[in-house]
Amino acid sequence: MKSAHGSLVALVGVVLIGMTGFGVFLPIFPFLALEIGATPTLTTIAMGAYSLGQLISSPFWGRLSDRVGRKPILIAGLIGGVLSYIWIAQARSVEELGAARLFGGLMAGNVGAAFAAAADLANDKTRARNMGLLGAAVGFGFIAGPALGAFLIGDEPSREGFARVCYASAGLGALATLTALLFFRETLPAEARLPAGVDRPRRMQMLVSRPALTRFVAVMFLMIAAQALMETVFGLWADAELGWGPREVGWTLASLGLGAVLLQGGGAGAASRALGERMTLFIGLALFAAGLGGLAVSHEVSTTAASLIALVIGLGLATPALNSLIAAQASEHERGAVMGLSQSAGALGRVAGPLGAGALFDAYSSGAPFVAGAVLILCALFVALGEPAKEVVGSN
């Protein structure tokens with residue numbers, strides 16, 4: 001028990017450091033692309049290349065982690081991230097930026113491996129808590145990272161400043177790798193791994209044979225698509241409706257991230273223990289939809305604040321509950337494959353969600369993208385309302 005607790009602490013530390021490094025360069029990436037002559041369209045395509053790579057590779061890394069263990073995949077993904085940051089720092093064209101981002105996404109097996117490891121360390125009562133702690137680490141990385149990047153870039157952004165931020169990301173990635181090497185203990189024992197002679201779990205076969213898993217993966221796609229849509233268009237909406245600039249938008253998004261961290265780090269686990277994971281997911285999705293609907297009709301700060309509070313509570317409750325429900329659909333030797341499938345659904349959502357956001361904003365109104373996001377979440381709620389899911393034997 002003590003060993004499991006230590007491994008969980010190390011895992012949270014690895015994810016926190018790694019995601020902080022990932023978050024450091026994210027805010028400066030569009031400006032870096034414009035600096036080297038990219039158009040806005042090419043810039044967004046280059047940014048989306050990471051999610052495309054993650055979509056392609058996540059199931060492979062997940063299945064591999066079921067065979068060789070979580071630690072090798074965790075370390076390989078972190079090293080891949082370090083190499084991609086160094087490549088971005090030296091890129092001289094938008095094509096190079098896109099290729100570096102694609103490479104980073106293809107190597108991003110560490111996220112799925114981390115969530116699979118958290119599931120390895122859990123039982124029925126602690127699974128939602130473990131998922132919440134990892135979600136909190138991811139969320140905190142997306143708060144601390146951009147703040148550190150803004151500090152490093154300086155008052156007058158330059159090509160050298162952009163490179164400095166990318167190297168800082170690489171340094172944090174290297175620190176996360178070292179932390180994993182020294183402190184993280186393998187969570188998947190040899191006897192629980194998928195034997196070499198056994199056919200690997202097939203994605204389509206798992207989805208066809210497990211309706212509950214299919215539902216939850218679909219919910220993951222819809223939820224992440226709505227979240228990505230909201231994040232993409234929020235700055236444009238805030239400028240149009242509230243007259244906000246980058247500083248106000250930045251502080252607001254940081255506050256949302258902090259709220260999600262606090263919920264996922266403690267409140268979500270308590271809610272799941274009291275209400276059950278399924279009911280916690282329903283409540284979270286309903287609040288998320290209400291928050292998006294509120295933003296669609298908001299024109300002043302007070303109603304915006306109320307809508308954002310509902311939205312962040314909804315996300316903070318729904319995300320760990322959904323990850324826990326997905327993990328419960330996997331036996332020990334296929335947990336990596338199932339979590340990799342979940343990560344692929346999330347990556348597809350991050351690719352698909354923002355595609356129509358700008359068009360809806362231009363063609364209809366500033367609030368139209370939020371209406372679309374609310375519809376997506378209502379669809380997710382409808383999908384989640386199927387028959388109660390049964391845990392797969394051997395899933396703890």
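Helices here are DSSP runs of H or I with at least four residues, numbered from the N terminus. By that count, Leu-175 sits in helix 8, which covers residues 159-183. Please keep in mind as you read on that this is a predicted model.

Leu-175 also belongs to a nonpolar patch on the surface, together with Leu-178, Leu-181, Leu-182 and Phe-183. The accessible area of these residues together is about 510 Å².

## How helix 12 packs

Two packed helices are described by the angle between their axes and the distance between the axes. Let us take helix 12 (residues 277-297) with each of two partners in turn.

With helix 10 (residues 211-242), the axes come within 12 Å and cross at roughly 25 degrees. Angles under 35 degrees count as roughly parallel, and helix 10 and helix 12 are therefore roughly parallel to each other. Their crossing is left-handed.

The other partner is helix 16 (residues 368-384), whose axis comes within 8 Å of the axis of helix 12, with a crossing angle of roughly 165 degrees. That angle makes helix 12 roughly antiparallel to helix 16. The crossing of helix 12 and helix 16 is left-handed as well.

## Thr-280 inside helix 12

Helix 12 is also the place of Thr-280. This residue counts as buried because its relative accessibility is 2%, and buried means under 20%.

Side chains of opposite charge can pair when their charged atoms come close. How many salt bridges does the structure hold? There are two.

One joins Asp-66 to Arg-70, with the closest N and O atoms 2.9 Å apart. Both of these residues are buried. Arg-70 also meets Asp-120 in a salt bridge, at 2.7 Å from N to O. This pair links distant parts of the chain, with Arg-70 in helix 4 (residues 70-90) and Asp-120 in helix 6 (residues 110-120), 50 residues apart. Asp-120 is buried, like Arg-70. Taken together, Asp-66, Arg-70 and Asp-120 are linked in a network of salt bridges.

Definitions and conventions: Residues are numbered from 1 along each chain as its sequence is written. This is a predicted model: local features need pLDDT of at least 70, side-chain atom pairs count only at pLDDT 80 or more; totals for chains, interfaces and linings use all residues. Side-chain values use heavy atoms; hydrogens and water are left out. Patches are made of residues with over 30% relative accessible area and no salt bridge: like charges are joined within 9 Å, nonpolar side chains (Val, Leu, Ile, Met, Phe, Trp, Tyr) within 5 Å. Accessible areas come from the Shrake-Rupley method with a 1.4 Å probe; for residues, only the protein chains shown count as cover. A salt bridge is a side-chain nitrogen of Lys or Arg within 4 Å of a carboxyl oxygen of Asp or Glu. Helices (H or I, at least four residues) and strands (E, at least two) are DSSP runs, numbered from the N terminus. Axes are lines fitted to C-alpha atoms, for helices over the stretch in contact, and angles run from 0 to 180 degrees between N-to-C directions. Angles under 35 degrees count as roughly parallel, over 145 as roughly antiparallel, 65 to 115 as roughly perpendicular and the rest as oblique. A crossing is left-handed if the near helix is turned anticlockwise from the far one by less than a right angle, and right-handed if clockwise. Buried means under 20% relative accessible area, exposed over 50%, partly exposed in between (1.4 Å probe, protein chains only).
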